[in-house]
Amino acid sequence: MTETVMNDTAVQIDGLSKAFGSNRALDDVSLGIPTGSIYGLLGPNGAGKTTLFSIAAGFLQADAGQIEILGQPVKRLSELSGRVTILPQDALFARNVPIVEQLVFLRRLDGADKQSARQDVVETLERVGLGEYLERGVQALSHGMLKRMGIAQAFMGNPDVILLDEPTSGLDPQNAKQIRDLIAEFRSTRNATTIISSHNLAEIQELCDHVAILDHGKVVAEGPVGTITGGQKRLDLTLSTPFTPHQLESLRGRPEVRELIQRDATRIRFELQIPEGQPENQVGIELLRSILDMGHYPREMSQGDSLEEFFLQITGDGED
């Protein structure tokens, strides 16, 4: 058995490039993905996300550079059997083979014996809410259920690195939230490094602690989510009654208020600076409490997604 070198980086990408004819899909991409993180990979269509995933999975070969997963180059990915799992965006399963048999077969390919493979499959399907469908084919599953089956396949066994390509694509908000909750639950219990490609920026901000943004094959931003966004959050309020000038000055002087923009007498935008280590929801709650104490009640309230704003700033028009 080849010894795997472990450190604080689960996936190391160095100088990765890939072209399809005149189209340069990846252009000298370098990233270090921290061990145990949920890492978001963002970018407009054509940015290179799927190409990067395909090279990491061994489906494509890079023109230059390399990817190492758990210290092993991708060309030796087979030596990490069971430690790296992948969920492609459009994962396909056999229609007429019972779900339990398909997943047991995949676990046995990873080296599990038949008994332990079946036990793992049954337990994982129960966790994703598909226990009653064990002996049925995938034609019995809705689109949301198929996504949950894919998540089950990716988290079976005890993988150290999990690649999820658009895991909530095409789902309604309720099903998408179920998938996000499953990802967060599996992460908390298994501490695997999970890499997620997604177009849903709010989803990435909710789930991920690190993020990289690709644009035209290049890395244009990378790091912890709080660092990428500058720890900023936007809060828009429509109030029942206007603030007095004294109240506005008092709010402007609060340490978490980076900027206060008065759109009209009752519509106010707060640009908030989130102190390091402090939950951003708590900052908003404290501000709202102060506003209530002043005798004002929000009639409408919306929270801006600072990661989305940052994404749009650095990728141009942000068309996806």
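Biologist: What makes Q247, L248 and L251 the buried residues of helix α8 (residues 245–252)?

Modeller: In this predicted model, Q247, L248 and L251 are the residues of α8 that count as buried, a term that means under 20% relative accessible area, with exposed meaning over 50% and partly exposed in between, for a 1.4 Å probe and protein chains only. They cover an arc of only 100° around the axis, and therefore lie on the same side of α8, the arc being that of the directions from the helix axis to the C-beta atoms. On the other side of α8, P245, H246 and E249 are exposed.

Biologist: Which conventions stand behind the numbering and the values?

Modeller: Residues are numbered from 1 along each chain as its sequence is written, and side-chain values use heavy atoms, with hydrogens and water left out. As the model is predicted, local features need pLDDT of at least 70 and side-chain atom pairs count only at pLDDT 80 or more, whereas totals for chains, interfaces and linings use all residues.

Biologist: Why is the pair of F155 and F186 called stacked?

Modeller: Rings of Phe, Tyr and Trp (its six-membered ring) pair if their centres lie within 6.5 Å, and planes under 30 degrees apart count as stacked, over 60 as edge-to-face and the rest as tilted. The ring centres of F155 and F186 are 4.3 Å apart and the planes stand at 15°, so the pair is stacked. The structure holds one aromatic pair. Because F155 lies in helix α4 (residues 143–155) and F186 in helix α5 (residues 173–190), the pair ties together parts that are 31 residues apart in sequence.

Biologist: How do you know whether F155 is buried or exposed?

Modeller: With a relative accessibility of 1%, F155 counts as buried, and F186 is buried with a relative accessible area of 1%.

Biologist: What makes β9 and β10 a pair of strands?

Modeller: Two strands pair if DSSP finds at least two bridges between them, and strand β9 (residues 210–215) and strand β10 (residues 218–224) pair in the antiparallel sense over six bridges. The bridge partner of A212 is E222 in β10. In the hairpin of β9 and β10, which has two residues between the strands, H216 takes a positive phi near 50°.

Biologist: How are helices and strands such as these assigned?

Modeller: They are DSSP runs numbered from the N terminus, with helices being H or I of at least four residues and strands being E of at least two.
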